[in-house]
Amino acid sequence: MNPLNKLRNALQSKKLIMVTNVMDPFSGRLAEQTGFDMLGIGGYQLGGSLCVSEPLLTLNEIIDATRSVCRSVSIPVTVDCGAGFGEPLHVMRTVREIEATGASAITIEDQIFPKRVHYHRDYKEKTISSDEMVNKIKAMVKARKNPEFVIMARTDSMRTEGYEEGMRRAKLFFEAGADVVKIFPNTLEEAKLAPSEVKGPLYYINSIGNRVNRPILSRGMASEYGYQFLSDAVGSMLIFSKAMKQYYKDWIKNGNSNLDFDEAIKLRKEIEDIIGLEEMYKIEEETVQI
Amino acid sequence: MQTKSNKLRELIQKEEFIYAPVAFDALGGRLIQKHGFKVVYCGGYTSGSSLCLSEPLLTRDEQLSFAKSIASRVDLPLIVDAGGGWGEPLHTMRTVRECIASGISGAHFEDQLYPKRAHYHKYVAHAIPAEDFYAKIKMACVERDSLDKNFVIIARTDTCRSAGFDEAVKRLNKTVDLGADIGMLFPRNHEEAVRAPKECKLPLVYVQSRGNRDGRPVYNNEQLANMGYKMCIDAQILLMVSYHFIDNALKELKETGEYKVINNEMYVQRRQEIEDIIGLEEMYKIEEETVEKK
């Protein structure tokens with residue numbers, strides 16, 4: 001079954017789909033082997049790993065990252081494409097490009113374009129009107145080649161304009177053809193209430209380490225409240241940063257990476273298995289002299 | 001060693017008039033060099049057309065990939081069309097940074113609305129407020145000054161049509177104080193084309209827009225130099241010429257199964273020229289010295 005069919009089946013099952021945003025193909029494969037149903041490519045992590053920030057990220061940078069992850073895994077990948085890189089005409093190109101990478105889903109939000117870096121500090125996203133966003137969603141629906149390709153629409157209006165406006169937009173987005181809507185409830189109460197107020201599947205993003213008390217849901221809570229997706233948007237990067245910082249400190253100070261010798265051998269084999277070296281050895285053995 | 005941006009700056013100071021034809025691939029760039037032109041231009045119209053995308057849908061990475069592939073294969077300085085800078089001042093700064101890292105020597109930044117609209121090709125250009133334009137140019141210059149002071153910043157205004165010639169001149173003159181090196185505007189008629197170099201406080205580029213349907217005058221280089229323009233960018237020329245001859249050739253091939261405009265002797269000669277321009281001879285030498293037995 002191709003990744004897109006897997007995602008469509010998972011959507012029909014109504015069971016909670018666990019998502020983690022990955023940094024690169026390697027972390028994608030690692031997540032796949034751990035048992036995830038879906039992977040995400042997120043702007044925060046990609047913009048961060050390139051040290052350009054999400055608002056300065058280009059469409060091509062996202063395409064490159066997505067393509068490299070998609071060709072390395074066999075589970076669906078969903079891609080955060082910010083504000084879609086422009087007006088409806090640009091959004092249509094964005095959808096076509098992302099669909100062509102092999103991704104199964106795309107997200108476009110109702111923030112202004114070009115995006116501002118300030119939203120990382122203030123969490124006060126500047127949004128476009130709901131009419132403009134509805135036009136973008138209609139353009140997305142029109143642009144996808146495969147009608148199964150999953151269109152996710154995200155509203156950033158809950159913080160600035162309140163829960164009611166966010167939910168009003170969620171309903172409009174579904175009507176315009178979005179398959180999934182992403183929302184950012186401000187409180188646990190709002191997070192609990194939202195899924196019962198719309199007919200379509202909602203996507204909840206755990207933004208750990210946010211500085212505005214955005215609620216963090218457990219798997220159990222997300223499932224109980226009725227969310228279709230629960231995603232960890234920045235966890236990979238936080239864990240990576242923490243672990244690498246410790247390692248760098250140890251290594252520069254002691255010339256020691258603090259890994260047990262036997263454990264290192266085991267890890268290295270795991271890494272090589274994830275890359276798929278065994279299969280490559282076989283091909284070499286069959287084709288060239290070793 | 002003299003950098004290419006330094007070379008461009010020197011040319012602007014020393015040469016009376018610079019003619020920069022557009023290229024959309026490295027081979028075109030090398031041909032421009034072969035014929036003795038001193039600057040090569042990489043435009044949005046040609047890149048956007050070459051990808052069948054249109055300029056307004058062209059991303060920075062795509063445009064700079066054209067520019068980089070040309071700049072890296074020629075000794076001439078290259079000026080790139082950087083459109084609206086791909087965003088606000090912050091994005092424009094990244095554009096300057098990426099241009100410099102790509103071996104590009106100069107770029108023009110315009111006051112059109114970003115994201116750009118395809119409608120601009122129907123001569124409907126929406127301008128951003130003057131203050132926003134100034135902020136873009138100012139920060140582009142700040143970024144230039146921190147990375148490569150020789151990188152040439154060209155301020156381009158598209159306001160002649162929407163707000164009038166005087167507004168366009170006013171905008172360009174303001175950018176002088178912000179650090180812009182050259183100005184670019186789009187006179188709507190002969191009278192404005194003559195007035196522009198006289199009224200602008202910075203050297204001007206004239207954009208030769210061949211085949212435009214807007215009545216915008218097309219001049220020869222002598223006329224432009226006499227009017228006081230510093231530079232001419234011939235924005236579509238190589239694309240138009242390629243398109244014209246390729247289209248004719250394909251038509252003839254489809255109809256007759258042959259293309260007789262070029263005879264066999266010419267094919268042999270041209271093919272040798274192409275291989276010389278690519279530099280195959282030098283590669284043969286390296287192979288002979290290393291892996292290929294004589």
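View 1. What covers the buried residues of helix 4 of chain B includes helix 2 (26–34), strand 2 (40–42), helix 3 (44–50), strand 3 (78–81) and helix 5 of chain B, where helices (H or I, at least four residues) and strands (E, at least two) are DSSP runs numbered from the N terminus. The model is predicted, so local features need pLDDT of at least 70 and side-chain atom pairs count only at pLDDT 80 or more, while totals for chains, interfaces and linings use all residues. Residues are numbered from 1 along each chain as its sequence is written, and chains are lettered from A and ligands numbered from 1 in the order in which they are written. The buried residues of helix 4 of chain B are R60(B), Q63(B), L64(B), F66(B), A67(B), K68(B), I70(B) and A71(B); a residue is buried if 20 or more other C-beta atoms, placed from the backbone, lie within 10 Å of its own, exposed if 12 or fewer, and partly exposed in between. Helix 4 of chain B has 12 residues and reaches 16 Å from its first C-alpha to its last, close to the 16 Å expected at 1.5 Å a residue, the expected span being 1.5 Å times one less than the number of residues.

**View 2. The contact between chain B and chain A.** On chain B, 13 residues are in contact with 13 residues of chain A, contact being defined by C-beta atoms, placed from the backbone, that lie within 7 Å. Helix 4 (60–71) and helix 5 (89–101) of chain B each supply at least two residues of the side that touches chain A. By class, that side of chain B has 5 nonpolar, 3 polar and 5 charged residues; Ala, Val, Leu, Ile, Met, Phe, Trp, Tyr, Cys and Pro count as nonpolar, Asp, Glu, Lys and Arg as charged, and the others, Gly among them, as polar.

**View 3. Helix 6 against helix 8 in chain B.** These helices of chain B pack at an angle of about 35°, with their axes 9 Å apart; axes are lines fitted to C-alpha atoms, for helices over the stretch in contact, and angles run from 0 to 180 degrees between N-to-C directions. The contact is made by A130(B), F133(B), Y134(B), I137(B), K138(B) and C141(B) of helix 6 and by R171(B), K174(B), T175(B) and L178(B) of helix 8. By class, this contact has 6 nonpolar, 1 polar and 3 charged residues.

View 4. In chain A the peptide bond from F113(A) to P114(A) is cis, with omega near -5°, and P114(A) lies in the loop between strand 4 (105–109) and helix 6 (119–122). In chain B the peptide bond from Y114(B) to P115(B) is cis, with omega near 0°, and P115(B) is placed in the loop between strand 4 and helix 6 of chain B. H119(B) is found in the loop between strand 4 (106–110) and helix 6 (130–147) of chain B, and it counts as exposed because it has 12 C-beta neighbours inside 10 Å.

**View 5. Positive phi angles in chain A.** Most residues other than glycine have a negative phi. F85(A), which is not a glycine, has a positive phi of about 70°; it is placed in the loop between strand 3 (77–80) and helix 5 (88–100) of chain A and is buried, with 23 other C-beta atoms within 10 Å. Phi of N258(A) is near 65°, and N258(A), in the loop between helix 12 (235–254) and helix 13 (261–275) of chain A, is exposed, with 10 other C-beta atoms within 10 Å.

How values were computed. Two residues are in contact if their C-beta atoms, placed from the backbone, lie within 7 Å.
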